[in-house]
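Biologist: I have not looked at this one before. Can you walk me through it?
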Amino acid sequence: MTRAIITVVGKDTVGIIAKVCTYLADNQINILDISQTIVQEYFNMMMIVDLTKSVKAFDVLSDELTKIGKDTGVQVKCQLEDIFDKMHRI
Amino acid sequence: MINLQEVIETNKMIEQENLDVRTITMGISLLDCSDKDLTVTCEKIYKKITTLACNLVQTGEDIAKEFGIPIVNKRISITPISLVGSACCRTPGDYVQIAKTLDRAAKEVGVNFLGGYSAIVSKGMTRSDELLIRSIPMALACTERICSSVNVGSTKTGINMDAVRLMGDIIKDTAEATKEKDSLGCAKLVVLCNAPDDNPFMAGAFHGVSEADAIINVGVSGPGVVKYALEQIPDANFELLCETIKRTAFKITRVGQLVAQEASSRLGVPFGIIDLSLAPTPAIGDSVADILKCIGVEHPGAPGTTAALALLNDQVKKGGVMASSYVGGLSGAFIPVSEDQGMIDAVEAGALTIEKLEAMTCVCSVGLDMIAIPGDTPATTIAGIIADESAIGMVNQKTTAVRIIPVVGKTVGDTVEFGGLLGYAPIMPVNTFSSQRFVDRGGRIPAPIHSFKN
């Protein structure tokens, strides 16, 4: 299973989670976990997703998610889970 | 499962604290490219580099995108060229032909620097070593991406003072040959003692003869991350201070290890080492000097600086060693002047001198690095500086280096701008008393005794 972490950071906006989720559903990407918090008035959301059945290549997904973020005025990033695992788990 | 706080912490390191992987360096052996015909040698070199490294830059960019971690440089290190060219080079001009070939290969594969235009002359110089050394000024003047290094001593062999003396002249000639660009050639030329075979950082990178045919070495960085962690504990005692540096170094290095393993598996080239160095850049906040200030000295150079640097260097290694399966290269905090805004500030404030920098190099990697000095500094004085720095390396069994730039036409009070990662630097004053009689003696300094340590 190839897992990635999608983060959304920015001012809270109506419909941002809906937009990201719709995009993921359209591309056969399953959401495994979702959590959010507010840090210094900024909305921080994280999704752990499974890319195994994704119909798009990683770099296309990453660019399109970034664009969805830009259009909504928030920052959306998609990164493979390994970088967080390696840094925080022994 | 990873939680939100951990994700936020990692991304904050990357976005706000300048965490990056400084370089993926592919080491390539060129020993099998040697031929008695110069043209054939050049063809073989070009073909081998452009074949093995053709996907290096793209792979680096792919990894950076997928993990969301910047990989600043993609580079190549090669077998010291004095060995590769020994069968076919009869004049310094022949070596320059190889330099031009290397420059073309570097441009073709898209790497920003290629290191290994080098000679290892710790004990003595062969004819080809000397030809290569004499070709350095011309080679650096007519290429863009080539880095050169000469190893003039080691703990086991002592210091080759003939080579030290010669390098005084070569540094001056390189400054002169590149005077139109503020003597930039000298920023790509380093004189080493105890040079490691697997260093991924320029300008001293080369692929030693003890290495495999090709290898991936990775240099991690992250002074900004350490600085931020220390800012959170301004009044901590040394125990907590050291623990914090160690913990941060561990996290930084784990990212390097991940990138190295990915690059190695995607390129089909074995993973060599992670170099655990804190390498600053001119970017604000990405500074080793700022860490020293966080630890408690007003400016680097103030009394206490050497001790602060010693503990920083040691804790970075302690944290990093556990995070990586193989550690090598230089592995220590770098203290270049022009590439670190905090060091530049310290020089301009009058806090930091070359003599204090020399003391600092006793406890960290690598040496007198990216220091601009007056253009009229005599070659014998530069040789004296190299001899001092080599002696520190030889006696303390560590790598030391001199990358010093006598900027033609400039003197104390002037500033020199190198641009990009090389930054800018105020010209620093050099002790004006002569070293000439000392460096002109000829011969070599014997290896030090390895017992009766004091």
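Biologist: How many helices and strands are there in chain B?
Modeller: Chain B has 15 helices and 13 strands, where helices (H or I, at least four residues) and strands (E, at least two) are DSSP runs numbered from the N terminus. This is a predicted model, in which local features need pLDDT of at least 70, side-chain atom pairs count only at pLDDT 80 or more, and totals for chains, interfaces and linings use all residues. Residues are numbered from 1 along each chain as its sequence is written, and chains are lettered from A and ligands numbered from 1 in the order in which they are written.
Biologist: Why call chain B as compact as a globular protein of that length?
Modeller: Its radius of gyration is 21 Å, close to the 22 Å that the globule rule gives for 454 residues, so chain B is as compact as a globular protein of that length. The radius is taken over C-alpha atoms, and the rule is 2.2 Å times the number of residues to the power 0.38.
Biologist: And what box do the C-alpha atoms of chain B fill?
Modeller: Roughly 60 × 50 × 50 Å, along the principal axes.
Biologist: Which domains is chain B divided into?
Modeller: Domain 1 (21–193) and domain 2 (219–445), with bounds from an automatic or database domain assignment. Their centres, taken over C-alpha atoms, are 22 Å apart.
Biologist: How many residues are in contact there?
Modeller: 44 residues of domain 1 of chain B are in contact with 48 of domain 2 of chain B; contact means that C-beta atoms, placed from the backbone, lie within 7 Å.
Biologist: Which element gives the most on the domain 1 side?
Modeller: Helix 7 of chain B, with 11 residues.
Biologist: Switching topic: how many residues of chain A are in contact with chain B?
Modeller: 23 residues of chain A, facing 18 residues of chain B. Helix 3 of chain A gives the largest share of the chain A side, seven residues.
Biologist: In what sense do strand 2 and strand 3 of chain A pair?
Modeller: Antiparallel, over nine bridges; two strands pair if DSSP finds at least two bridges between them. A:V39 stands opposite A:Y42 in strand 3 of chain A. The hairpin of these strands has two residues between them, and A:Q40 takes a positive phi near 45 degrees there.
Biologist: What about strand 1 and strand 3 of chain A?
Modeller: Those pair in the antiparallel sense too, over eight bridges, and A:V9 stands opposite A:N44 in strand 3 of chain A.

Definitions and conventions. Two residues are in contact if their C-beta atoms, placed from the backbone, lie within 7 Å.
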